[in-house]
Amino acid sequence: MARVVLEGIRKTYPNGFKAIHGVDVEIEEGEFLVLVGPSGCGKSTLLRMIAGLESITEGRLSIGGRDVNNLEPSERDIAMVFQNYALYPHMSVYKNMAYGLKIMGLPKAEIEERVKKAAAILELTDEQLTRKPRQLSGGQRQRVAMGRAIVREPSVFLFDEPLSNLDAKLRVQMRLEIKTLQANLGITSVYVTHDQVEAMTLGHRLMVLNAGNVEQLGTPIELYQRPASLFVAGFIGSPAMNFADAKIDAEGKNITISGQEALPLGDGGMPEHGGKDVILGIRPEHLELVVEAPDAVPMTVTMVEQLGADTLVHGHFGESRSDLTVRLDGIRHIKGGEVLPIRVAPDHLHVFDPKTERRLS
Amino acid sequence: MLKNVHFGPSVLPFLLVLPQIIVTLVFFIWPASQALYQSLLLEDAFGLKTEFVWFRNFEDLLSDPLYWDSFKITIVFSFLVAFLSMSFALILALFADRVIKGSGAYRTLLIWPYAVAPVTAGALWVFMFNPTLGIVSYALSALGYEWNHQLNGGEAMALVVMASAWKQVAYNFLFFLAGLQSIPKSLIEAAAIDGAGPMRRTIDIVLPLLSPTTFFLLVINIVYAFFETFGVIHVVTAGGPAGATNILVYKVFNDGFVGLDLGGSAAQSVILMIMVIALTVVQFKYVEKRVDY
């Protein structure tokens, strides 16, 4: 258990490519931080820099109050779970888990005790401990990889997309297991994923990375309710947020999607941005189907996806060309071509500057 | 896994394999069966009289202490060649694996010796170690050691081993390097996080994962030392001094074409043939069973 502090961390590769453009974050003791972003955003690089597998070009990294910039991975008191598990194929499960302890020079009895303890936590049987990794299923290998991390009793756990090689069902199950495990052990964890659902469910805080820049750092709910940029807004939430070009009226009271009726801006409007062209974001779940309301907007349906629990309705506002997705509860019998009266909840409008792509208000 | 795709009856597949079958028949099956037949014959040196003697050539051979000597020399020779060339190649490959800049040039240079013909390789080493002219023997004598592989059997063996191993290093290097590069990088990283230093990682992780390559190369090198070093031996020592480097394949040539004991020579070839078949079977069995990590 330790605080991990990153100050002005940058990474430039020898060929001049800048992978990380300055990351500052203080990860509290026992916190679960998720690094999330699309592939190539630098999230794995950042994790590998914390692990010591990549050098840090600039900035300061400290783990448990100790500067570790120039320490070997083994000296940083960390454990890492790799995407492909990286289990030693020629060693039994037991030996895989015991290898690091053996190198630490622990007595045999203690190694056995620690491995047995970790195996019990992960529900690995004695019989499975004698097997080779290739004789295990994907989920079991995943457990062994975590076991290898647990036995080291590190200050920090690092996870590099550990669930991406599992099938969908197992992924959900292992996700819960990792969350429970982390909560029980209380070990500071940094977790890399490109899957926003994984990120939302696991993390105490999320760091959204895009092209080596931190887009936003915050709790899952903060990111969902107040995305700081267009990128975060589009990345967090499924189905993705709807965006449309819009204009705020001169008083800043209402907002108009090109050629449509004006929608009221909640919370007293945005007078400081009066008359401005903006991008309006609305989550599919914040659009509702109403019977007849004065502030309803007509939506032309093009396609309907039935998910059972929800119905996703795709279409656009009136004659406007911007695509729109609406998420309705339960099973709805709606057909393409229909025009539905849709109401936008005014408290759930997200307004972004089209130039800086940052959140306004 | 190959899928069996069934086409209609056609002569085309037979036509397509025909060239291969003809090559095999003319260059392998025919001479091999000739050797098999010849090994059962006893012929006088001038080819005037031939007698069918069943397995007498083999009986003579197996009761000949010189044959067993040659056998032992071959074992020692091939073990030394395989060990020397493989260990050198492994060390070079481990280094090359860490080289990032200019690795292409480095690799190309290391592969060159493989393109040198065995006879040329032998000639090269003979020149360097020639007791009167050689640069190495000159250096050795400056250090107080009188090198003469033409008189000293041990030195002769050392020289043919060096020449043969040198030629094979390049080949082994290529395979070792390919083997090293197929080891997932994350395994090495996991070991680094587990606290293993470079040396420890090599011993605990890299070498065990390289064992399929190592086994494959062991078989290949033994076959090489057994059969393909004829040129080196012929140029460097001609099997001497006093038969100290007379390996089996050289003895086949010596007994058959110099000693003109065609039956005995053929019998030796047959034994060699059986050995190479056995080695190949072992290799194929292992390669097929080999586990993909």
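Let's start with how elements are named here: helices (H or I, at least four residues) and strands (E, at least two) are DSSP runs, numbered from the N terminus. What you're looking at is a predicted model, in which local features need pLDDT of at least 70 and side-chain atom pairs count only at pLDDT 80 or more, while totals for chains, interfaces and linings use all residues. Residues are numbered from 1 along each chain as its sequence is written, and chains are lettered from A and ligands numbered from 1 in the order in which they are written.

Take chain A as a whole. You'll find nine helices and 20 strands in chain A, and its C-alpha trace spans about 75 × 45 × 35 Å along the principal axes. Chain A has 361 residues, and 38% of them count as buried. For that label, a residue needs 20 or more other C-beta atoms within 10 Å of its own; 12 or fewer makes it exposed, anything in between makes it partly exposed, and the C-beta atoms are placed from the backbone. Two residues are in contact if their C-beta atoms, again placed from the backbone, lie within 7 Å. Among the contacts in chain A with a separation of 6 or more, 64% come from residues 24 or more positions apart.

Glu153(A) sits in the loop between α5 (138-151) and β7 (156-160) of chain A. Though not a glycine, Glu153(A) has a positive phi of about 45°. Why does Glu153(A) count as partly exposed? Because it has 15 C-beta neighbours inside 10 Å.

Asp77(A) is another non-glycine with a positive phi, this one about 60°. Look for Asp77(A) in the loop between β5 (66-67) and β6 (78-81) of chain A. Asp77(A) has 17 C-beta neighbours inside 10 Å, so it counts as partly exposed.

There's a cis peptide bond to check as well: it joins Ser238(A) and Pro239(A), with omega about -5°. Pro239(A) lies in the loop between α9 (230-235) and β11 (242-248) of chain A.

Finally, the chain contact. It takes 18 residues from chain A and 16 residues from chain B. On the side of chain B that touches chain A, α8 (185-193) and α9 (198-227) of chain B each supply at least two residues. Which element gives the most to that side? That's α8(B), with six residues. By type, the residues on this side of chain B divide into 11 nonpolar (Ala, Val, Leu, Ile, Met, Phe, Trp, Tyr, Cys and Pro), three charged (Asp, Glu, Lys and Arg) and two polar (the others, Gly among them).
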